[in-house]
Amino acid sequence: MKIAFVVSGFPSISETFILAQIVGLLQRGHEVDVYADRPVPPPQKVHADIDRFGLIERTNYRQITPSPKLTRIRSAASLILKWGWRYPKRTFDSLNVLRHGRRAINLGLLHERFSLPYSGLNYDVIHCHYGPNGQRAVDLREMGVFLGPIITTFHGYDANLLPRIHGPRLYENLFMNGELFTVGSEFMRQRIISLGALRDRIVKLPMGVDLTRFPFAERQKSANGEFRLLTIARLVEVKGIEYALRAVAILKSRCPRLRYQIAGDGPLRSQLEALTAELGLAKMVEFLGTVSQEEVPRLHQTAHGFLLPSIVTQSGEEENQPVVLAEAQASGLPVIATAIGGIPESIRGGVSGLLVPPRDPEALASAILRLVEHPEECGRMGRAGRAYVEENFDSENLHDELVSVYRSVVAKATPPVC
């Protein structure tokens with residue numbers, strides 16, 4: 001099959017699940033092109049598969065609307081002179097203020113539509129990650145740029161946060177004209193149904209884990225008495241790292257050999273480092289910054305437990321299906337996470353990990369202490385977690401399911417031969 005992926009930044013180190021799908025399809029002999037908003041700016045620790053599969057050469061980046069007003073006008077005039085006479089309908093509609101409002105006034109729609117100044121890009125499937133990219137693909141298909149059925153995968157902020165900002169009818173056109181929608185959890189299924197998606201167009205298809213990259217290791221008590229906790233996450237509000245730090249502070253005197261590593265970067269890093277110093281945790285907490293995907297399995301192998309203290313933010317952000325939880329369980333790590341969004345579907349609470357309320361350092365501290373004082377539970381939960389991931393999140397099985405989903409959409413979109 002010939003498949004187009006419509007994404008935002010690419011390649012993104014925080015969205016390796018998209019990269020994994022693309023690689024899985026290429027390995028199965030399918031042809032894949034990528035259409036992205038922008039290249040992710042350096043510095044980046046690039047995944048080896050980017051070079052191995054020549055993914056940059058497969059990627060088309062759209063025309064970004066210039067910020068300075070005069071530059072934007074000049075750029076728009078250049079696009080109109082170059083392409084407007086070939087595609088007059090697309091040009092006039094892009095400038096239709098009555099229909100498109102601000103997007104037409106600021107010339108953003110014109111730049112977006114002529115970022116791919118072609119017609120008839122024909123694909124068996126157009127797979128969009130995140131709702132706004134699904135909307136963009138529907139819009140481009142209406143203008144004749146893309147041809148083919150559109151599948152949109154919703155992940156989290158696109159269904160939780162953006163409708164609060166732009167209104168509950170944000171995806172009305174997408175839900176009406178998109179052929180299929182995939183979600184990683186039942187939580188996300190119900191969320192997009194509440195926004196207007198039709199039940200019979202939704203398929204639950206989680207993001208998977210390459211089990212060969214995350215070998216299982218039985219967790220054993222450290223010879224020096226250390227208990228090493230690990231979090232891998234972007235340092236943003238929804239991840240709730242502040243509450244993990246406060247939980248470690250509660251255990252400071254009772255568990256002096258507790259060590260907490262935080263891998264990832266983000267806008268809250270300086271704030272979290274300041275809180276670490278304020279709580280007197282400099283010797284217990286280590287910020288690793290951005291790590292490559294090759295480093296992640298090694299971090300798992302040296303840890304005793306995995307922590308993801310996510311919260312629901314005031315703006316409405318909420319976790320859907322954190323792939324890091326599946327990766328941790330695949331490695332044999334017991335996990336501690338909060339019972340919000342799709343997280344209770346990502347682990348077996350009480351079996352492969354412990355679920356606690358969000359924004360509750362005391363509950364987090366109790367869960368950590370349980371693992372520290374009962375190392376035999378780490379082994380039991382680790383084995384259960386590996387089995388759970390093998391059954392539900394094996395990427396090889398899920399890539400095959402994705403191809404089956406594609407084929408079903410193609411079959412429905414293909415008119416019968418008389």
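This is a predicted model: local features need pLDDT of at least 70, side-chain atom pairs count only at pLDDT 80 or more; totals for chains, interfaces and linings use all residues.
User: How are two packed helices described?

Analyst: The description uses the angle between the helix axes and the distance between those axes.

User: At what angle do the axes of helix 13 and helix 14 cross, and within what distance do they come?

Analyst: Helix 13 covers residues 241-250 and helix 14 covers residues 269-278; their axes cross at roughly 15 degrees and come within 10 Å. Angles under 35 degrees count as roughly parallel, so helix 13 is roughly parallel to helix 14. The crossing of helix 13 past helix 14 is right-handed.

User: Which residues make that contact between helix 13 and helix 14?

Analyst: Helix 13 contributes I241, E242, L245 and R246, while helix 14 contributes L272, L275 and T276. By class, the residues of this contact are four nonpolar, one polar and two charged.

User: How do the axes of helix 13 and helix 18 cross?

Analyst: Helix 18 spans residues 361-373, and its axis comes within 8 Å of the axis of helix 13, with a crossing of roughly 60 degrees. That angle makes helix 13 oblique to helix 18. Helix 13 passes helix 18 in a right-handed crossing.

User: Which residues of helix 13 and helix 18 are in contact, and how do they divide by class?

Analyst: From helix 13 come Y243, A244, R246, A247 and I250. Helix 18 supplies P361, E362, L364, A365 and I368. The contact of helix 13 with helix 18 has eight nonpolar residues, no polar ones and two charged ones. R246 is listed in the contact with helix 14 and in the contact with helix 18.

User: Turning to the sheet, what is the order of its six strands?

Analyst: The sheet is open, its order is 12-11-10-13-14-15, and the pairing is parallel. Strand 12 (285-289) and strand 15 (353-356) each have a single partner strand, so they stand at the edges and one side of each lacks a neighbour in the sheet. On average, neighbouring strands are turned by 20 degrees against each other, direction ignored.

User: How many bridges join strand 13 to strand 14?

Analyst: Three bridges join strand 13 (residues 305-308) to strand 14 (residues 335-338), and the two run parallel. As for individual residues, L307 has I336 of strand 14 as its bridge partner.

User: Which strands does helix 18 lie across?

Analyst: Helix 18 lies across strand 10 (227-232), strand 11 (258-263), strand 13, strand 14 and strand 15. Relative to strand 15, helix 18 runs at about 165 degrees.

Terms used
Residues are numbered from 1 along each chain as its sequence is written. Side-chain values use heavy atoms; hydrogens and water are left out. Axes are lines fitted to C-alpha atoms, for helices over the stretch in contact, and angles run from 0 to 180 degrees between N-to-C directions. Helices (H or I, at least four residues) and strands (E, at least two) are DSSP runs, numbered from the N terminus. Angles under 35 degrees count as roughly parallel, over 145 as roughly antiparallel, 65 to 115 as roughly perpendicular and the rest as oblique. A crossing is left-handed if the near helix is turned anticlockwise from the far one by less than a right angle, and right-handed if clockwise. Contact means heavy atoms within 4.5 Å. Ala, Val, Leu, Ile, Met, Phe, Trp, Tyr, Cys and Pro count as nonpolar, Asp, Glu, Lys and Arg as charged, and the others, Gly among them, as polar. Two strands pair if DSSP finds at least two bridges between them.
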